[in-house]
Amino acid sequence: MGVSVVIATYNRLLPLAELLESLSKQTYKPTQVIIVNDGGSSVQAAVDAYPELPIELIQLHENVGHVEARNIGVRAVTEDFIMLCDDDDLLLPCHIERMIANMNDADFVYADVEIFHYRIENGMRIPTDRFLFAYECDLQAMRSFSTYVPSGSMYRRVIHDIIGYFDPYVHNYWDWDFFLRVAKQFRIKRVPIASVLYAFSNEGDHLSKQMNEKRQMYLNRLSEKHELGDLPTKNFWLLLSEPEVQKRKAKSEIIWNGEPFRSRLAHFVRC
(Lines give C-alpha, C1' and ligand atoms only; values in the text may rest on other atoms or scores of the structure.)
Protein backbone atom coordinates (compact mmCIF):
# COMPACT_ATOMS: atom_id res chain seq x y z
CA MET A 1 0.00 0.00 0.00
CA GLY A 2 1.42 3.32 -1.06
CA VAL A 3 1.88 6.18 1.39
CA SER A 4 2.22 9.85 0.46
CA VAL A 5 3.88 12.02 3.10
CA VAL A 6 2.89 15.70 2.97
CA ILE A 7 5.13 18.33 4.57
CA ALA A 8 4.53 22.08 4.56
CA THR A 9 7.68 24.04 5.39
CA TYR A 10 8.78 27.62 5.87
CA ASN A 11 12.35 28.64 6.70
CA ARG A 12 13.23 25.54 8.75
CA LEU A 13 15.94 23.93 6.65
CA LEU A 14 17.79 22.06 9.40
CA PRO A 15 14.70 20.65 11.17
CA LEU A 16 13.31 19.66 7.76
CA ALA A 17 16.54 17.78 7.02
CA GLU A 18 16.17 15.94 10.34
CA LEU A 19 12.62 14.96 9.39
CA LEU A 20 13.90 13.63 6.06
CA GLU A 21 16.57 11.73 7.98
CA SER A 22 13.81 10.11 10.05
CA LEU A 23 11.86 9.24 6.87
CA SER A 24 14.96 7.65 5.35
CA LYS A 25 15.13 5.27 8.31
CA GLN A 26 11.52 4.03 8.08
CA THR A 27 11.04 0.27 7.96
CA TYR A 28 8.03 0.85 5.69
CA LYS A 29 9.14 3.24 2.97
CA PRO A 30 6.91 6.09 1.77
CA THR A 31 6.24 6.01 -1.97
CA GLN A 32 5.79 9.77 -2.29
CA VAL A 33 7.16 12.63 -0.19
CA ILE A 34 5.64 16.00 -1.06
CA ILE A 35 7.37 19.07 0.35
CA VAL A 36 5.53 22.36 -0.07
CA ASN A 37 7.92 25.25 0.49
CA ASP A 38 5.57 28.05 1.49
CA GLY A 39 7.48 30.96 -0.01
CA GLY A 40 10.48 30.46 2.26
CA SER A 41 14.19 30.24 1.55
CA SER A 42 15.44 27.34 -0.55
CA VAL A 43 15.21 23.80 0.83
CA GLN A 44 16.98 22.26 -2.15
CA ALA A 45 20.00 21.34 -0.01
CA ALA A 46 17.81 19.12 2.18
CA VAL A 47 16.14 17.55 -0.85
CA ASP A 48 19.50 16.85 -2.50
CA ALA A 49 20.84 15.27 0.69
CA TYR A 50 18.25 12.46 0.51
CA PRO A 51 18.19 11.22 -3.09
CA GLU A 52 16.79 7.84 -2.02
CA LEU A 53 13.52 9.45 -0.91
CA PRO A 54 10.83 9.95 -3.60
CA ILE A 55 10.63 13.70 -2.95
CA GLU A 56 8.47 16.05 -4.99
CA LEU A 57 9.21 19.67 -4.16
CA ILE A 58 6.51 22.28 -4.70
CA GLN A 59 8.02 25.74 -4.49
CA LEU A 60 5.51 28.52 -3.80
CA HIS A 61 6.63 32.00 -4.82
CA GLU A 62 4.71 33.68 -2.02
CA ASN A 63 3.66 32.68 1.47
CA VAL A 64 0.08 31.39 1.45
CA GLY A 65 0.01 30.18 5.06
CA HIS A 66 0.57 26.73 6.49
CA VAL A 67 -3.04 25.55 6.06
CA GLU A 68 -3.31 26.33 2.38
CA ALA A 69 0.23 24.99 1.84
CA ARG A 70 -0.95 21.65 3.21
CA ASN A 71 -3.98 21.77 0.94
CA ILE A 72 -1.68 22.27 -2.05
CA GLY A 73 0.35 19.28 -0.89
CA VAL A 74 -2.55 16.88 -0.42
CA ARG A 75 -4.00 17.84 -3.80
CA ALA A 76 -0.76 16.56 -5.34
CA VAL A 77 -1.02 13.17 -3.61
CA THR A 78 -1.14 10.10 -5.87
CA GLU A 79 -1.27 7.30 -3.27
CA ASP A 80 -4.29 5.96 -1.36
CA PHE A 81 -2.90 6.84 2.07
CA ILE A 82 -1.80 10.27 3.25
CA MET A 83 0.52 10.97 6.16
CA LEU A 84 0.92 14.50 7.49
CA CYS A 85 4.14 15.79 9.05
CA ASP A 86 5.13 19.15 10.47
CA ASP A 87 8.53 20.19 9.18
CA ASP A 88 10.14 20.24 12.62
CA ASP A 89 8.78 16.96 14.01
CA LEU A 90 10.30 13.48 13.72
CA LEU A 91 9.09 9.93 13.12
CA LEU A 92 10.72 6.93 14.76
CA PRO A 93 11.77 4.13 12.35
CA CYS A 94 8.76 1.86 12.92
CA HIS A 95 6.18 4.62 12.64
CA ILE A 96 4.82 4.24 9.11
CA GLU A 97 4.85 0.45 9.45
CA ARG A 98 2.79 0.63 12.64
CA MET A 99 0.34 3.13 11.18
CA ILE A 100 -0.28 1.18 7.98
CA ALA A 101 -0.84 -2.01 10.00
CA ASN A 102 -3.68 -0.28 11.85
CA MET A 103 -5.47 0.94 8.73
CA ASN A 104 -7.22 -2.40 8.24
CA ASP A 105 -10.03 -1.46 10.61
CA ALA A 106 -9.81 2.34 10.46
CA ASP A 107 -9.95 5.24 8.04
CA PHE A 108 -7.83 7.61 10.10
CA VAL A 109 -5.13 6.69 12.61
CA TYR A 110 -2.82 8.70 14.81
CA ALA A 111 -0.08 7.88 17.29
CA ASP A 112 0.93 9.20 20.68
CA VAL A 113 3.84 11.60 20.81
CA GLU A 114 6.76 12.57 22.95
CA ILE A 115 7.11 16.33 23.20
CA PHE A 116 10.76 17.32 23.41
CA HIS A 117 12.57 20.54 24.23
CA TYR A 118 15.98 21.05 22.68
CA ARG A 119 19.04 23.19 22.20
CA ILE A 120 20.86 23.63 18.89
CA GLU A 121 24.45 22.44 18.71
CA ASN A 122 26.63 21.86 15.65
CA GLY A 123 23.74 22.10 13.23
CA MET A 124 21.44 19.68 15.02
CA ARG A 125 18.82 19.72 17.74
CA ILE A 126 19.90 18.10 21.00
CA PRO A 127 16.93 17.01 23.18
CA THR A 128 17.06 18.46 26.68
CA ASP A 129 13.89 16.96 28.13
CA ARG A 130 10.83 14.98 27.02
CA PHE A 131 7.18 14.63 27.96
CA LEU A 132 4.73 11.88 26.98
CA PHE A 133 1.55 13.17 25.35
CA ALA A 134 -0.82 10.19 25.34
CA TYR A 135 -4.58 10.36 25.91
CA GLU A 136 -7.54 8.07 25.30
CA CYS A 137 -9.44 8.71 22.08
CA ASP A 138 -12.69 10.04 23.55
CA LEU A 139 -14.62 11.67 20.71
CA GLN A 140 -16.92 13.58 23.03
CA ALA A 141 -14.03 14.87 25.14
CA MET A 142 -12.28 15.93 21.94
CA ARG A 143 -14.94 18.62 21.63
CA SER A 144 -13.53 20.34 24.72
CA PHE A 145 -9.78 19.81 24.36
CA SER A 146 -7.91 18.32 21.42
CA THR A 147 -5.34 15.61 22.11
CA TYR A 148 -4.78 14.94 18.41
CA VAL A 149 -1.34 15.78 17.04
CA PRO A 150 -1.43 15.80 13.22
CA SER A 151 2.23 14.91 12.67
CA GLY A 152 2.44 11.26 11.73
CA SER A 153 -1.30 10.81 11.38
CA MET A 154 -2.42 8.67 8.44
CA TYR A 155 -5.73 8.57 6.64
CA ARG A 156 -7.37 7.48 3.42
CA ARG A 157 -7.11 9.97 0.57
CA VAL A 158 -10.80 9.50 -0.21
CA ILE A 159 -11.65 11.43 2.97
CA HIS A 160 -10.82 14.67 1.17
CA ASP A 161 -13.15 13.76 -1.68
CA ILE A 162 -16.01 13.49 0.80
CA ILE A 163 -15.42 16.24 3.38
CA GLY A 164 -13.08 18.60 1.53
CA TYR A 165 -9.73 20.00 2.54
CA PHE A 166 -8.25 21.80 5.54
CA ASP A 167 -10.01 25.00 6.55
CA PRO A 168 -7.82 28.17 6.56
CA TYR A 169 -10.71 30.06 8.20
CA VAL A 170 -9.85 28.44 11.56
CA HIS A 171 -6.08 28.78 10.93
CA ASN A 172 -4.31 27.59 14.12
CA TYR A 173 -7.05 25.03 14.72
CA TRP A 174 -7.13 23.44 11.26
CA ASP A 175 -6.07 20.09 12.72
CA TRP A 176 -8.71 20.06 15.47
CA ASP A 177 -11.31 21.06 12.91
CA PHE A 178 -10.23 18.30 10.53
CA PHE A 179 -10.37 15.70 13.31
CA LEU A 180 -13.91 16.71 14.28
CA ARG A 181 -15.07 16.65 10.66
CA VAL A 182 -13.53 13.24 10.04
CA ALA A 183 -15.03 11.83 13.26
CA LYS A 184 -18.55 12.50 12.01
CA GLN A 185 -18.25 10.10 9.08
CA PHE A 186 -15.21 7.87 9.44
CA ARG A 187 -13.52 5.37 11.76
CA ILE A 188 -10.80 6.99 13.88
CA LYS A 189 -8.24 4.97 15.81
CA ARG A 190 -5.53 5.95 18.25
CA VAL A 191 -2.43 3.73 18.09
CA PRO A 192 -0.87 3.57 21.59
CA ILE A 193 2.76 3.97 20.63
CA ALA A 194 4.81 7.15 21.08
CA SER A 195 6.42 6.96 17.65
CA VAL A 196 6.20 10.69 16.87
CA LEU A 197 8.58 13.25 18.36
CA TYR A 198 6.94 16.67 18.62
CA ALA A 199 9.45 19.51 18.72
CA PHE A 200 8.83 22.31 21.19
CA SER A 201 10.83 25.51 21.34
CA ASN A 202 10.21 28.42 23.66
CA GLU A 203 10.75 30.59 20.61
CA GLY A 204 8.20 28.68 18.54
CA ASP A 205 4.54 29.28 17.82
CA HIS A 206 3.06 26.16 19.36
CA LEU A 207 -0.13 26.16 21.43
CA SER A 208 1.87 26.64 24.60
CA LYS A 209 1.96 30.39 24.04
CA GLN A 210 -0.61 32.58 25.72
CA MET A 211 -3.69 33.22 23.62
CA ASN A 212 -3.53 36.39 21.59
CA GLU A 213 -6.44 38.18 19.95
CA LYS A 214 -6.09 36.45 16.60
CA ARG A 215 -5.80 33.02 18.17
CA GLN A 216 -8.91 33.74 20.22
CA MET A 217 -10.71 34.76 17.03
CA TYR A 218 -9.81 31.46 15.36
CA LEU A 219 -10.87 29.51 18.44
CA ASN A 220 -14.22 31.30 18.37
CA ARG A 221 -14.61 30.40 14.71
CA LEU A 222 -13.90 26.74 15.47
CA SER A 223 -16.39 26.76 18.34
CA GLU A 224 -19.10 28.32 16.22
CA LYS A 225 -18.47 25.94 13.33
CA HIS A 226 -18.85 22.83 15.49
CA GLU A 227 -21.13 24.25 18.21
CA LEU A 228 -18.55 23.56 20.89
CA GLY A 229 -19.65 26.28 23.32
CA ASP A 230 -17.14 28.15 25.45
CA LEU A 231 -13.70 26.63 25.06
CA PRO A 232 -10.90 27.06 27.63
CA THR A 233 -8.26 29.60 26.69
CA LYS A 234 -5.60 28.70 29.22
CA ASN A 235 -1.96 28.12 28.40
CA PHE A 236 -1.41 24.68 26.85
CA TRP A 237 0.53 23.33 29.83
CA LEU A 238 -2.10 24.58 32.29
CA LEU A 239 -4.80 22.83 30.30
CA LEU A 240 -2.93 19.55 30.63
CA SER A 241 -3.24 19.81 34.40
CA GLU A 242 -7.04 20.16 34.29
CA PRO A 243 -8.85 17.19 35.94
CA GLU A 244 -10.94 16.49 32.81
CA VAL A 245 -7.76 16.18 30.76
CA GLN A 246 -5.81 14.30 33.42
CA LYS A 247 -8.37 11.51 33.59
CA ARG A 248 -7.90 10.89 29.87
CA LYS A 249 -4.17 10.15 30.23
CA ALA A 250 -3.27 6.78 28.77
CA LYS A 251 -0.42 4.30 28.72
CA SER A 252 1.73 4.17 25.63
CA GLU A 253 4.61 2.15 24.25
CA ILE A 254 7.79 4.22 24.64
CA ILE A 255 10.44 3.34 22.06
CA TRP A 256 12.64 6.44 21.64
CA ASN A 257 16.14 6.07 23.07
CA GLY A 258 16.45 9.83 23.51
CA GLU A 259 19.15 10.21 20.87
CA PRO A 260 18.97 13.13 18.40
CA PHE A 261 18.53 12.70 14.65
CA ARG A 262 21.66 13.86 12.87
CA SER A 263 20.80 14.92 9.34
CA ARG A 264 23.24 14.82 6.45
CA LEU A 265 23.28 18.62 6.47
CA ALA A 266 24.50 18.75 10.07
CA HIS A 267 27.98 17.72 8.90
CA PHE A 268 28.25 20.96 6.94
CA VAL A 269 26.65 23.38 9.39
CA ARG A 270 27.98 24.79 12.64
CA CYS A 271 25.54 26.82 14.74
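Predicted model: local features only at pLDDT ≥ 70, side-chain atom pairs only at ≥ 80, totals over all residues.
1. Most residues other than glycine have a negative phi.

2. Asn122 is not a glycine, yet has a positive phi of about 50°; Asn122 belongs to the loop between β6 (108-121) and β7 (124-133). His171, likewise not a glycine, has a positive phi of about 45° and is found in the loop between α5 (158-163) and α6. Are these residues buried, exposed or partly exposed? Asn122 has a relative accessible area of 33% and is therefore partly exposed. His171 counts as partly exposed because its relative accessibility is 26%.

3. Helix α7 itself spans residues 213-226, with 14 residues in total. From its first C-alpha to its last, α7 reaches 20 Å, close to the 20 Å expected at 1.5 Å a residue. Its buried residues are Arg215, Tyr218, Leu219, Leu222, Ser223 and His226. Why do these residues lie on the same side of α7? They cover an arc of only 140° around the axis, which means that they share one side of the helix. Among the elements covering the buried residues of α7 is α6 (174-183). The face turned away from that buried side carries the exposed residues Glu213, Lys214 and Glu224.

4. Strand β1 (residues 3-9) is mostly covered, with seven of its seven residues buried. Val3, Val5, Ile7 and Thr9 point one way from β1, whereas Ser4, Val6 and Ala8 point the other way. Residues of both sets are buried.

5. Which strands pair with β1? One is strand β4 (residues 81-86), which pairs with β1 in the parallel sense over six bridges. Within this pairing, Phe81 of β4 is the bridge partner of Val3. Another is strand β2 (residues 32-38), also joined to β1 in the parallel sense over six bridges. Here Ile34 of β2 is the bridge partner of Val6, and Ser4 stands opposite Gln32.

6. Strand β2 is largely enclosed by the rest of the structure, because seven of its seven residues are buried. Both of its faces are covered. One side holds Gln32, Ile34, Val36 and Asp38, and the other holds Val33, Ile35 and Asn37; all are buried. β2 also runs parallel to strand β3 (residues 55-60), to which six bridges join it. In that pairing, Asp38 stands opposite Leu60 of β3.

7. The connections between these strands may be considered next. β1, helix α1 (residues 13-24) and β2 make a right-handed β-α-β unit. A right-handed β-α-β unit is also made by β2, helix α2 (residues 44-49) and β3.

8. How many disulfides does the structure hold? The number is zero. Cys94 is in no disulfide, and the nearest cysteine sulfur to its own, that of Cys85, is 14 Å away. Cys137 is also in no disulfide; for this residue the nearest cysteine sulfur is again that of Cys85, at 19 Å. With a relative accessibility of 28%, Cys137 counts as partly exposed.

Definitions and conventions. Residues numbered from 1 in each chain as written. Heavy atoms only, no water. Buried < 20%, exposed > 50% of the residue type's maximum accessible area, 1.4 Å probe, protein only. Helix = DSSP H or I, 4+ residues; strand = E, 2+ residues; numbered from the N terminus. Pairing = 2+ DSSP bridges. Right-handed = clockwise from strand over helix to strand, strands pointing away. Disulfide = S-S within 2.5 Å. Expected span 1.5 Å × (residues − 1). Arc of directions from axis to C-beta. Contact = heavy atoms within 4.5 Å.
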